[in-house]
Amino acid sequence: MPDSTTATRVTGVHEVSCGADDAHYRVIQRFPGTSDMSRCDENSDTEYGFSYRYTINGSVINEYVYCLVGLGSYARS
């Protein structure tokens with residue numbers, strides 16, 4: 001994911017186990033039914049925010065905000 005303070009569209013994000021060799025982030029909190037990334041401000045451990053929308057024919061079916069911490073070289077603290 002890009003290191004940006006503004007929302008940026010990304011592709012190629014895949015879910016893997018936190019113990020996988022290619023894991024770069026760990027989900028520490030999830031907010032269903034919203035795309036409001038400021039929700040992660042509630043968790044002081046958050047290093048990155050990520051939102052995802054499920055769509056069908058352009059209509060939003062569900063959306064989530066994920067609060068993340070970086071693993072290894074992706075960690076900010």
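Two strands pair if DSSP finds at least two bridges between them. Strands here are DSSP runs of E with at least two residues, numbered from the N terminus. The model is predicted, so local features need pLDDT of at least 70 and side-chain atom pairs count only at pLDDT 80 or more, while totals for chains, interfaces and linings use all residues. Residues are numbered from 1 along each chain as its sequence is written, and side-chain values use heavy atoms, with hydrogens and water left out.

**View 1. Strands S2 and S3 form a hairpin.** S2 covers residues 48–56. S3 covers residues 59–70. The two run antiparallel and are joined by 9 bridges. Thr55 stands opposite Val60 in S3. Tyr54 faces Asn62 in S3. The hairpin has 2 residues between its strands, and Asn57 takes a positive phi near 50°.

**View 2. Strand S1 pairs with S3.** S1 spans 25–32. Its partner S3 runs antiparallel to it, with 7 bridges between them. Pro32 stands opposite Tyr64 in S3.

**View 3. Glu63 and Arg53 form a salt bridge.** A salt bridge is a side-chain nitrogen of Lys or Arg within 4 Å of a carboxyl oxygen of Asp or Glu. Side chains of opposite charge can pair when their charged atoms come close. The closest N and O atoms of Glu63 and Arg53 are 2.9 Å apart. This pair links distant parts of the chain: Glu63 sits in strand S3, Arg53 in strand S2, 10 residues apart. The two side chains also make a polar contact at 2.9 Å. A polar contact is a pair of N or O atoms within 3.5 Å; within protein, one must be able to donate a hydrogen and the other to accept it, and residues adjacent in sequence count only if both atoms are side-chain atoms. Burial is set by relative accessible area: buried means under 20%, exposed over 50%, and partly exposed in between (1.4 Å probe, protein chains only). Glu63 is buried because its relative accessible area is 16%. Arg53, at 47%, counts as partly exposed.

**View 4. Glu42 and Arg39 form a salt bridge.** Their closest N and O atoms lie 3.2 Å apart. Glu42 has a relative accessible area of 55%, so this residue is exposed. Arg39 is at 29% and counts as partly exposed. The whole structure holds 2 salt bridges.

**View 5. Glu47 is buried yet has no salt bridge.** Glu47 lies in the loop between strands S1 and S2. The nearest side chain of opposite charge is Arg76, 6.0 Å away. For charge, Lys and Arg count as positive and Asp and Glu as negative; His and the chain ends are not counted. The Glu47 side chain reaches the backbone nitrogen of Gly70 at 2.7 Å.

**View 6. Tyr52, Tyr54, Ile56 and Ile61 form a nonpolar surface patch.** Patches are made of residues with over 30% relative accessible area and no salt bridge; like charges are joined within 9 Å, nonpolar side chains (Val, Leu, Ile, Met, Phe, Trp, Tyr) within 5 Å. Together the four residues have about 410 Å² of accessible area. Accessible areas come from the Shrake-Rupley method with a 1.4 Å probe; for residues, only the protein chains shown count as cover. Strand S2 gives the largest share of the patch, 3 residues. Ile61 is in strand S3. Ile61 counts as exposed because its relative accessibility is 54%.

Note on methods. Helix = DSSP H or I, 4+ residues; strand = E, 2+ residues; numbered from the N terminus.
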